[in-house]
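Here is a friendly tour of one protein model, written for someone who likes to know the cut-offs behind the words. Please keep the viewer open as you read.

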Amino acid sequence: MKTTVNILPASDGDCILIHTFDNAKQPFIILIDGGRGKTFKNTLKKAIQEYEKIDLVILTHIHNDHIGGLLKLFKSSLGKKIIFDKIIVNAPNLIAFSKEEEIGYNEAYDFEKEIIANYKDIKIINDITNLNDKNLGLPEGIEITFLSPDLEALNRLKKDWKPLGKDSEDTFISSVVKPCEDHDKTLELLAETDDITQPPSDIENASSLAFILKTNDFNGLFLGDAHHKIVSESIKKCAEKHKLSLPLQFNLIKVSHHGSIENSSIKLLNLIQSENFIFSTNGGKTGKHPSRTTIAKIVCNPNRTTKTINLCTNYPLEEVEKRTGALLNPNEETKHNFNLLNKTIFQ
Ligand SMILES: [Zn+2]
């Protein structure tokens with residue numbers, strides 16, 4: 001029995017399926033996000049169609065590239081056949097809010113309405129304040145430590161609800177592979193670029209759940225689209241509390257926000273290390289995921305602990321680079337001991 005993590009292709013979004021097991025060797029299945037609406041039909045449906053039960057669903061935040069496929073799943077006949085034990089929904093008190101007509105987050109509202117109406121037995125955890133202090137009822141051997149959001153980000157989300165755009169199809173694919181932005185700068189130079197602090201207006205990503213999942217044979221970091229500053233602070237506190245030495249080591253790290261330049265910082269990367277960094281993206285709508293600067297900050301990190309790093313995309317590289325442009329120059333992988341490759345299943 002081995003933990004398996006499957007990073008499903010989900011366009012520019014996230015949809016992650018984890019098979020693990022508890023101390024009693026009972027399987028424990030986790031689904032993190034559902035990608036865009038079309039992800040359900042394209043990949044998620046097939047991946048889970050034989051399942052009788054999913055133990056835990058986690059919706060990291062309410063952006064369409066995370067909630068879309070989950071909404072389709074829960075509205076589908078397949079969804080109604082599967083037993084869902086628990087769901088952690090990062091869309092606090094939506095129903096209460098909508099009564100006052102203060103929100104317009106249609107997908108998130110629809111989602112919660114669907115679950116309440118048609119999934120009577122599911123345990124909904126939608127108050128995500130101080131999640132680490134709550135008893136989530138996880139079996140022995142499955143441990144989740146939440147690192148984001150903090151209270152400030154959550155309060156801003158509640159205060160500043162605004163309508164989301166439509167789940168538009170991403171049709172942008174350039175026909176010729178051009179070099180990506182910053183292609184002319186070396187990775188060493190890009191690694192020294194100042195970290196970007198996300199604007200306070202980015203409230204949904206700031207409220208994204210990020211967490212460590214620790215099981216009998218696995219230790220993974222799933223960063224959703226969280227902000228690096230919030231995650232860094234939490235990691236420092238967590239290490240202090242549990243007397244862990246930094247950087248923390250993981251079997252894999254799902255890089256925040258599809259590898260964007262804004263969401264990974266040197267300060268954060270100094271605290272976390274792994275052999276496998278994952279970019280869940282097809283290149284992104286604007287062709288900026290992953291960013292070459294994020295790649296540089298990972299591979300040129302002086303605190304790096306592994307000889308060879310795998311930077312993994314969940315789409316073939318050619319497809320990603322049709323949107324981003326060529327991410328690397330010749331010999332950069334050899335020079336900095338890393339591989340940029342398409343890999344979706346981790347065991
Ligand atoms: Zn996203």
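Strands β11 (residues 252-254) and β13 (residues 276-279) run parallel and are joined by two bridges. Across that pairing, K254 stands opposite I278 in β13. A word on terms: strands (E, at least two residues) and helices (H or I, at least four) are DSSP runs numbered from the N terminus, and two strands pair if DSSP finds at least two bridges between them. The model is a predicted one, in which local features need pLDDT of at least 70 and side-chain atom pairs count only at pLDDT 80 or more, while totals for chains, interfaces and linings use all residues. Residues are numbered from 1 along each chain as its sequence is written, and side-chain values use heavy atoms, with hydrogens and water left out.

Both strands belong to an open sheet of seven, ordered β7-β8-β9-β11-β13-β14-β15 with mixed pairing. At its edges are β7 (143-148) and β15 (338-342), each of which pairs on one side only. From one strand to the next, the twist averages 20°; angles are taken between N-to-C directions, from 0 to 180 degrees, with axes as lines fitted to C-alpha atoms, for helices over the stretch in contact.

N6 has I345 as its bridge partner in β16.

Contact here means heavy atoms within 4.5 Å.

## The zinc site

Which residues coordinate the zinc ion? They are D65 (OD), H66 (NE2), D225 (OD) and H258 (NE2), at 2.1 to 2.2 Å. Donors are N, O and S atoms within 2.8 Å of the metal (3.2 Å for Na, K and Ca), and since water is not among the atoms, sites may look incomplete. The angles among the four donor atoms span 87 to 158°, and the site is irregular. That label is what remains when four donors are neither tetrahedral (all angles between 85 and 135 degrees) nor square planar, and six are not octahedral (for both of these, opposite donors over 155 degrees apart and all others between 65 and 115).

Along the sequence, the donor residues are spaced D-H-x158-D-x32-H. D65 lies in helix α2 (residues 64-75) and D225 in the loop between β9 (218-222) and α9 (228-241), so the pair ties together parts 160 residues apart in sequence. Both D65 and D225 are buried, where buried means under 20% relative accessible area, exposed over 50% and partly exposed in between (1.4 Å probe, protein chains only).

S256 sits in the loop between β11 and α10 and is buried, with a relative accessible area of 1%. Leaving aside neighbours within four places in sequence, S256 is in contact with L223, G224, D225, A226 and N263.

## An aromatic cluster

Rings of Phe, Tyr and Trp (its six-membered ring) pair if their centres lie within 6.5 Å; planes under 30 degrees apart are stacked, over 60 edge-to-face and the rest tilted. This rule gives seven aromatic pairs. One of them is the tilted pair of F74 and F84, 4.6 Å centre to centre with 35° between the planes. F74 is in helix α2 and F84 in strand β5 (residues 83-89), ten residues apart.

F84 also pairs with Y119: the ring centres are 5.8 Å apart and the planes at 75°, so this pair is edge-to-face. F84 is buried at 4% relative accessible area, and Y119 counts as buried at 8%. Ring pairs link F74, F84, F111 and Y119 into a cluster.

## Helix α11 and the whole chain

How many residues of helix α11 (residues 292-299) are buried? Eight of its eight are, and they pack against α7 (187-191), α10 (266-269), β13, β14 (309-313), α13 (332-336) and β15.

The protein chain has 13 helices and 16 strands, and 58% of its 347 residues count as buried.
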